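Thanks for coming. I will go through two contact regions, one inside a chain and one between chains. Please have a look at the sequence and the model first.

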Amino acid sequence: MRIGLEIHVQLPTRSKMFCSCPTDGGPPNSAVCPTCLGMPGSRPTLNRAALEMGLRLAKLFDCQVPERTWFARKTYFYPDLAKHYQVTQHDNPVGEHGAFDFRGKEVRIRRVHLEEDPGSIRRAGRPGEELSLVDYNRSGMPLVEIVTEPDLSSPAEARQFLSDMLTEIRHTIGLSGEGEQTVRADCNISVGEERVEVKNVTGLKNMERALKYEAVRQTKMLRSRRPVLRETRRYDEERKVTVAVRKKEFEEDYGYIGEPDLGVFHIRAMAEELENKETPLERARRLELQYGLAESTARQLVNTSMRLCDLFERMAADLGAKVALNVTGQVSGPWFHVKDSFDQSMEDAVFEAAEEFWRDGITDSELTIRLSKILGTHVTVEETLGLDVEDSSVKDRIGLNEAVEKAVEENPGIFEDYAKNERAANRLIGEVKKSTGGTFSSQEIVAAVKARLSQGP
Amino acid sequence: MDSETVRRVALLARLELSEEEIESYSKDLSEILDHFSLLDELEGLEDYGFNPVEVADVLRDDEPGQDIPAEDLMKDMDTYQDYVRGPRLS
Amino acid sequence: MNASRLEAIRELDRDYGMFYSLSEDAALESAEFHFSAKDNLTTVDHETTAGSRMLSGWRPPFDAAAVESLRGAGGALLGKTSMDEFGFGTFSVNSAFAVPRNPHDRERSCGGSSGGAACAAALIDGHISLGVSTGGSVSCPAAFCGVVGFTPTYGRVSRHGLLDYGSSLDKVGMLSADCASIAERFPLMAGPDRRDPTSCGHPEHSERSAARTVGVPKQSLQGIPEDVLAVFNEALEVVRGDMGLDVVEVDIPVFNYAQPAYYIIATSEASTNLARYGGMRYGARGEDLDTHFDRYFRQVRSAGFGGEAKRRILLGTFTRMVGYRDRYYLKALQVRQALIAEYRRAFASCDLLLAPTMPFVAPRFDEVEAMSPLEIYLADHLTIPPNLAGMPHISLPCGELDGMPLGMQFTADHWHEDRLLKAGVEWDRRSEYPVPEARA
């Protein structure tokens, strides 16, 4: 099975790609100007931040960056496309021929290019004959498209790959966590000879589901010796199936031409000036090598926070990895709640406590108390979850959550299994049922287990 | 350009042409394209650019702003609940 | 401008059709000077249609940069001048609205596509017309109407607010009865504008020494009728004698390939620029939105565009299609680059180039009617090369033939407008320009 992805990520700029309209939305058609409405006489101007983010990503994926880049007009007619051409890149995109080291496997990156998003459409009217209602707030939003070679070999691998890639992208261009839900992908998948493209799938989960569905469908077709058609399909999120996109009355020809309104950009020189910081996964690999951390520990650490990694490394350098890991572990528990107030003085205080512990000045439990005082929190489950401990139903739930947590600890591979197949949750559900002995309903247990599993390790 | 090609190009360009128009455009455009084949004489050219003068590295800072209030831009448009009304999708 | 003069202009407009719309008098009273804008430049106080039914009734929300800068310097907009639809033509007859008539003979064309602009420059005293040239749309009507038509380097004047024809070719220019008025007002609108990146690449406007050597490309004299050539040669003698310039022959072989390369680039770009007209946000609307979008766009576009616009959209869509793109579009870009290189070589041995502007005087409307599209495209072969290469150029009246004006065209290297304007002002002093009988 061969899977290739075309991934679209919206770049976190403050203004749009080719005009100064704000990117933070608002009521329909409030963040618009002549340029993103495609008005006659208007023209584009390129946002420096968008170009730089594109270059950072090209560098992240070790792409060849050409000396000069330019934009192209891709012409097609659709009600959400203001100019009836999209400003995108065709020849000489910001990056080509790169690669991404996916857990030791090289996945080739064919190209990285920048383009504008069209507007968005609200459908109105009877199904099958809907009128389009267009909101141009999204028109001109900056997108990066990353195209991989078909180097992925299963839907689960594709999901993990994309998840890893997003971790790196997020860090490199400062994308918030929500980026993960809004990532859009076109997925190419071929079980046999013919390639099927599933267009415009939103989010990691849907992508894996769409690919799984398609893998099964193509396998069945091949087994019964029916031909798999080379076609474009879409994923129906409600019915969880892929469906063939109805053929147009004629085939579109985008007729790419160079965009004369923007000129050219000397990007190799620009790219050389840009220094990408060490990415989370690069750092995890380094932590493994440098401090002998387990792969899962290192990943968990970088996924929690790069700031926390800084603390870990500071302690590890002076006090050794063992103490550093112990203390970091205790700080990472309530990290979600303290991260915004975690300043330099708090860090120094933590470091001091760790140092005393290292000199045997304080015991293990004294350290724990010291840390919870510094962090201004009792490191307990209820505090972590932000619950009112006086409420008896909450107390019960804490009991349930503790049981779930225990089951998770006893099943180290559970998250990976769950990512491959959600039925892996049943194993935990069974164990929690047993350990809590009928205190909670099945529904409550299922909900708690699923909630915990979806949080990740 | 034969009439089949004119038909195909007209579809791409979203133009509706009568049979008469197809005939006459086919004739004009064939003549014009024949003349364009003059360019085939020039060989070995490699350099090209998208502007006749150097336009390079003109970038805008990432500062949001709108010169014209959106309401002024939208006031003559056919809208429904602030959305621009468009044709059917299917 | 008082009411009686404005009424006289209105009277002229009824006879000559040079305006699409005229301003009301109130605003014009206290102005320092008056100007008109070709109707493909946006104006907040006038409809802007580019001669197309597609934009009938459209009131833009902003002024074009060139209009804005002339207004800013105390100029008042007298009106919007008629033109070929989106600039698609050589005779200003491809308009959904009034066709301007030649100020020297109403049965003849003004030339195009800035026909109304040239006509207004000829008929209105002290008037400045903003024109736009893609492939010769300022020079051609200037020559036919006996006025001065100046086209600066590509990018010298911001295209903000210009309704695009060919985005890598369009240039805002000026037409007037003499070059001195243009030289005075041109600096107002020259310079970078952050709203148009292509206007941000040029060096500061600086003064250069006056031209000493003029080159005549031998390719530009090939196939010019004897009587036209005779008038041009007389003018050339004045350039050599009175103006004291050295005249040399230069060889620019790629000249002969400029015309097809130009039409390919221009229509490829135009067919994308005109894609936006689909009856949703401005201009013409379709009858019924309850129609599949492909059909809706087809209906709106077929009803809104004229015959020549459709021809150029078809041509430009074809030349960038898969399978033809390399042969036509890409090749044309290469030819343009080669032409620029040859111009550079020519400008190593001379400061300006000189050639006739058009190979004939303004034709009668019945003669235009009889021309095939290819014949019309070929008529531009002298104005196209500098336009394709983005070189600044100026057409100056240089004599008459059968009572109709003829023009000659100086071309300078990129950014050397000052040399052109100096030569033009010199020429103003040494020649008598044709004056039409009707004036206001």
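**Domains of chain C, then chains A and B**

I start with chain C, where the domain assignment gives domain 1, made of 3–252 + 352–430, and domain 2, covering 255–336. Please keep in mind that this is a predicted model. The C-alpha centres of domain 1 of chain C and domain 2 of chain C are 25 Å apart.

How many residues does each domain put into the contact? Domain 1 of chain C contributes 34 residues, and domain 2 of chain C contributes 25 residues. On the domain 1 side, the elements giving two or more residues are helix H12 (373–379) and helix H13 (384–389) of chain C. H13(C) gives the most to that side, with five residues. Sorted by class, the domain 1 side has 17 nonpolar, 13 polar and four charged residues.

Now to chains A and B. Here 41 residues of chain A are in contact with 32 residues of chain B. On the chain A side, several elements supply at least two residues each, among them helix H1 (48–60), strand S8 (120–124) and strand S9 (131–135). Which element gives the most to this side? That is S9(A), with five residues. By class, the chain A side has 21 nonpolar, twelve polar and eight charged residues.

S9(A) also pairs with a strand of the other chain. Its partner is strand S3 of chain B, residues 83–88, and the two run in the antiparallel sense over four bridges. Within this pairing, A:Leu133 stands opposite B:Arg85 in S3(B).

Terms used
Residues numbered from 1 in each chain as written. Chains lettered and ligands numbered in written order. Predicted model: local features only at pLDDT ≥ 70, side-chain atom pairs only at ≥ 80, totals over all residues. Contact = placed C-beta atoms within 7 Å. Nonpolar A, V, L, I, M, F, W, Y, C, P; charged D, E, K, R; others polar. Pairing = 2+ DSSP bridges. Domains from an automatic or database assignment.
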